[in-house]
Amino acid sequence: MVSSMDRTLGVSATQPEVKVRVRNLNVYYGQNHAIRDASLDVEKHRVTALIGPSGCGKTTFLRAINRMHDLTPSAKVTGCIEIDGVDVYSRDVDPIVMRRHVGMVFQRPNPFPMSIFENVAYGLRVNGERSRDRIADVAENSLRRAVLWDEVKDRLFESGAALSGGQQQRLCVARVLALRPDVILMDEPASALDPIATVKIEELIAQLREDYTVVIVTHSMAQAGRVSDRTAFFLDGMIVEVGPTNQIFTRPKDKRTEDYITGRFG
Amino acid sequence: MIAGDRLGSSRRVAGLAGVVLTGFCSALAAGLLILLLGYVVVQGWSAINPSFITQLPHPVGVSGGGVANGIVGTVIVVGLATLISVPIGVLTGLYLAVYGRGIAAELVRFLAEVLSGVPSIAIGLFAYTILVKPFAHFSALSAAFAFAVLMLPLMIRTSEEAVRGVPTSIREGALALGLPDYGGVMHVVLPAARPLIVTGLLLSIARVTGETAPLLFTAFGSQFWEVNPTNPMAVLALQIFTYAISPYDDWHRQAWGGALLLILAVLVLNIGARIALAGRTKKF
């Protein structure tokens with residue numbers, strides 16, 4: 001344990017701060033018990049990968065963090081998810097306000113049916129930003145951060161749907177960055193993309209680590225190995241093992257993790 | 001073996017008969033439509049000239065004259081009906097698509113389905129009872145109301161399907177960005193559904209443009225220029241009816257001309273609907 005004295009002395013560099021703390025999370029879809037008693041600490045300014053076979057609950061887990069299950073009437077969530085010590089499921093938290101601080105990038109690029117610029121500006125405007133100059137500034141910065149600016153700067157007012165899949169996905173990242181979230185959740189962000197677009201997204205994720213806390217669900221173990229600092233292995237709705245990515249991949253403690261890593265199932 | 005075996009002859013005959021029969025019926029259907037369109041064009045073409053489109057009807061016995069007031073009346077009545085039915089239809093469809101679970105939504109869907117089967121003359125009678133009789137005055141507005149009721153079921157259904165067709169991921173994207181759910185739906189989902197909604201709207205307009213029965217006791221018809229919707233008004237479909245049952249050859253000719261105009265209008269609306277659809281496929 002780290003005492004408060006240690007923290008003030010800067011020991012937090014070796015003992016990273018926990019940004020998202022999940023305790024005893026259970027998610028049910030009707031009778032289906034999709035997440036069973038999962039607990040996880042997501043460290044600040046780190047990329048945490050959630051891996052596991054299809055249907056193991058990693059996406060369900062991810063979507064519990066920003067309360068996307070609120071939309072599904074049959075879904076029930078119990079347990080506790082804290083972001084910076086605040087339980088996102090508590091009565092005092094407005095999910096709409098909370099989601100502004102927890103961005104999400106989806107499996108398939110989902111640009112809004114509007115121009116490239118509007119896609120990025122829209123979130124700002126809806127959240128009360130009135131200054132045109134400021135919106136333009138933030139939009140440009142976000143597009144630059146998402147490594148998309150050079151490709152779209154001459155056609156900002158064309159439809160976002162006209163971009164290639166990889167560009168659309170980076171546009172979706174820019175859209176999220178514009179709101180300066182604390183945490184970015186990514187649900188297999190490269191699964192619908194070709195290899196070159198995948199590389200670009202992965203480079204982008206690596207850069208995001210500096211300012212954001214990223215949780216990424218991925219099917220590809222190679223991708224988890226390339227982009228993540230820590231990895232959690234899911235199986236049948238449970239978290240089997242969590243640890244530094246290189247340790248999970250080279251010296252897994254659990255037999256099931258080892259079986260999965262070495263490709264014996266999934 | 002694959003090469004050696006052949007299908008039994010009875011099965012081959014049945015297959016061939018199927019092809020012939022379905023093909024024959026398709027040709028028959030297409031042929032009837034072409035015949036109908038051709039007949040209207042042949043009959044109506046001679047009636048259509050600049051004065052037919054720009055002049056008022058002439059009194060019986062005076063040759064010439066046109067249906068200009070009916071064209072304008074059609075635009076006014078259908079336009080008013082659109083103004084009434086679009087907000088109600090689109091928002092109902094939106095509600096059903098996004099929040100439409102449970103008994104209340106099922107009831108709305110069921111009622112819309114029933115409504116789409118109600119004969120237009122019954123709807124006209126209803127409009128007559130609540131909007132004409134109490135005021136003792138025929139009006140274009142009452143016709144617009146009847147048309148709006150006729151348009152509603154189709155508007156509701158196409159809007160619901162259009163909104164359902166928008167990928168959930170777009171709605172979730174808006175939600176994840178911290179938009180209140182209704183905000184995401186109104187600003188993001190609805191625009192994405194717009195091409196299909198416009199298609200549905202154009203088809204509903206095409207559907208009512210040729211409706212005549214409800215007009216008999218609502219718009220009633222008029223020989224004069226009339227743009228005030230609280231007055232009786234000439235409507236093209238109604239003029240066709242009046243002219244067609246008249247004993248005068250000149251009016252018969254004009255009835256065919258009016259029919260041709262209506263068919264052309266519906267054709268344009270249908271082509272517009274296809275273009276709107278094509279716009280959609282480009283977007284997603």
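This is a predicted model: local features need pLDDT of at least 70, side-chain atom pairs count only at pLDDT 80 or more; totals for chains, interfaces and linings use all residues.
The contact between the two chains draws 24 residues from chain A and 20 residues from chain B. The size of an interface is often given as the accessible area lost when the parts come together. By that description, chain A and chain B bury about 1,900 Å² between them, and 69% of this area lies on carbon and sulfur atoms. On the side of chain A, 31% of the area buried against chain B is supplied by A:Leu71, A:Pro113 and A:Tyr122, which is more than any other three residues provide.

A:Tyr122 also belongs to the buried residues of helix α4(A). This helix, which spans residues 116-126 of chain A, has eight of its eleven residues buried and is therefore largely enclosed by the rest of the structure. The buried positions are A:Ile116, A:Phe117, A:Asn119, A:Val120, A:Ala121, A:Tyr122, A:Gly123 and A:Leu124, and they pack against α5 (132-145), α6 (149-152) and α7 (165-177) of chain A together with α8 of chain B. After α4(A) comes A:Gly128, a residue whose phi is positive, near 100°.

In chain B, helix α7 (residues 168-176) is likewise mostly covered, with seven of its nine residues buried. These are B:Ile170, B:Arg171, B:Glu172, B:Gly173, B:Ala174, B:Leu175 and B:Ala176. Their cover comes from both chains, and includes α2 (58-65), α3 (95-101), β6 (102-105) and α7 of chain A together with α3 and α8 of chain B. The residue B:Gly178, which follows α7(B), has a positive phi, near 85°.

Two packed helices are described by the angle between their axes and the distance between the axes. For helix α3 (residues 68-99) and helix α8 (residues 181-209) of chain B, the axes come within 9 Å and cross at roughly 140°, so that α3(B) and α8(B) are oblique to each other. Their crossing is right-handed. From α3(B), the residues that meet α8(B) are B:Thr74, B:Val78, B:Thr82, B:Val86, B:Val90, B:Leu91, B:Leu94, B:Val98 and B:Tyr99, and their counterparts in α8(B) are B:Asp181, B:Tyr182, B:Val185, B:Met186, B:Leu190, B:Ile197, B:Leu201, B:Ile205 and B:Thr209. The residues of this contact comprise 14 nonpolar, three polar and one charged.

A further pair in chain B is formed by helix α5 (residues 120-132) and helix α6 (residues 140-165), whose axes come within 9 Å and cross at roughly 140°; α5(B) and α6(B) are therefore oblique to each other. The crossing in which α5(B) passes α6(B) is right-handed. Here B:Ser120, B:Ile123, B:Gly124, B:Phe126, B:Ala127, B:Ile130, B:Leu131 and B:Val132 of α5(B) meet B:Ser142, B:Phe145, B:Ala146, B:Val149 and B:Leu150 of α6(B). Ten residues of this contact are nonpolar, three are polar and none is charged.

Finally, A:Arg230 lies in strand β9 (residues 230-235) of chain A. Its relative accessibility is 17%, and A:Arg230 therefore counts as buried. When neighbours within four places in sequence are left aside, A:Arg230 is in contact with A:Asp41, A:Glu43, A:Val47, A:Thr48 and A:Ala49, and also with A:Val242, A:Gly243, A:Pro244 and A:Thr245.

Note on methods. Residues are numbered from 1 along each chain as its sequence is written. Chains are lettered from A and ligands numbered from 1 in the order in which they are written. Side-chain values use heavy atoms; hydrogens and water are left out. Axes are lines fitted to C-alpha atoms, for helices over the stretch in contact, and angles run from 0 to 180 degrees between N-to-C directions. Helices (H or I, at least four residues) and strands (E, at least two) are DSSP runs, numbered from the N terminus. Angles under 35 degrees count as roughly parallel, over 145 as roughly antiparallel, 65 to 115 as roughly perpendicular and the rest as oblique. A crossing is left-handed if the near helix is turned anticlockwise from the far one by less than a right angle, and right-handed if clockwise. Contact means heavy atoms within 4.5 Å. Ala, Val, Leu, Ile, Met, Phe, Trp, Tyr, Cys and Pro count as nonpolar, Asp, Glu, Lys and Arg as charged, and the others, Gly among them, as polar. Buried means under 20% relative accessible area, exposed over 50%, partly exposed in between (1.4 Å probe, protein chains only). Buried area is the accessible area (1.4 Å probe) that two parts lose on being put together, summed over both.
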